Amino acid sequence: MAEQKAVILDADGVRRALTRIAFEIIEKNKGTDHLLLAGIKTRGVYLAQRIAAKLGEVEGKAPPVLALDVTPWRDDKPRGSGSLPPLDPRIAGATVILVDDVLYTGRTVRAAIEALAHSGRAGRIQLAVLVDRGHRELPIRPDYTGKNLPTSREERVSVRLTEVDGEDTVVILEHEDTKNDCG
């Protein structure tokens with residue numbers, strides 16, 4: 001069982017972090033031409049849609065958003081027997097920004113890069129995450145980060161979004177069995 005330890009971002013904090021990410025994307029890419037946002041299912045898709053909307057507000061045209069299911073490429077979870085997605089012509093030559101809620105070990109992002117490569121050949125791939133909590137197992141780092149959040153391995157970061165959970169918050173959860181551990 002996990003217990004909430006701290007609220008890291010409330011709804012306004014999430015909104016501000018996504019706005020900052022959107023402006024950094026515009027600055028780094030000199031606009032939004034040839035951009036494609038690929039949200040990693042599930043919460044990454046909603047974050048990508050929000051970032052795309054903000055980019056559209058600022059630049060006059062929102063980039064397309066692709067929902068990316070990385071399950072067939074995961075190396076740390078059982079693989080499904082589902083079929084692989086077809087090629088997506090929008091990826092060819094585009095600057096694809098992978099969007100996810102939490103960056104932890106880097107394994108989900110590695111799987112996302114493989115999934116993307118299977119679906120087309122991007123011109124460039126960048127990474128945007130709402131929360132970077134550290135503890136990388138692979139040499140992956142985000143180009144855009146909403147919040148750097150040093151955590152222990154015993155803690156869990158939970159991103160709750162209105163579209164899925166009915167509220168926008170980022171919280172740290174602490175497992176009951178480690179909370180009272182004095183060793």
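An open sheet of three strands runs in the order β1-β8-β7, with antiparallel pairing. Strands are DSSP runs of E of at least two residues, helices are runs of H or I of at least four, and both are numbered from the N terminus. Two strands count as paired if DSSP finds at least two bridges between them. β1 (2-9) and β7 (155-160) stand at the edges with a single partner strand each, so one side of each has no neighbour in the sheet. Neighbouring strands are turned by 30 degrees against each other on average, direction ignored; the strand axes are lines fitted to C-alpha atoms, and angles between N-to-C directions run from 0 to 180 degrees. β1 pairs with β8 (residues 169-175) over six bridges, in the antiparallel sense. V7 has V171 of β8 as its bridge partner.

The model is predicted: local features need pLDDT of at least 70, side-chain atom pairs count only at pLDDT 80 or more, and totals for chains, interfaces and linings use all residues. Residues are numbered from 1 along each chain as its sequence is written, and side-chain values use heavy atoms, without hydrogens and water.

The largest nonpolar core holds 28 residues. Such a core is a set of buried Ala, Val, Leu, Ile, Met, Phe, Trp, Tyr and Cys residues joined through side-chain atoms within 4.5 Å; buried means under 20% relative accessible area (1.4 Å probe, protein chains only). I51 and L130 touch the most other members. α1 gives the most to this core, with seven residues. Beyond its neighbours within four places in sequence, I51 is in contact (heavy atoms within 4.5 Å) with L18, I21, A22, I25, L37 and V99. Another core, of 21 residues, lies apart and includes L36, V70, A94 and A111.

Terms used:
Buried means under 20% relative accessible area, exposed over 50%, partly exposed in between (1.4 Å probe, protein chains only).
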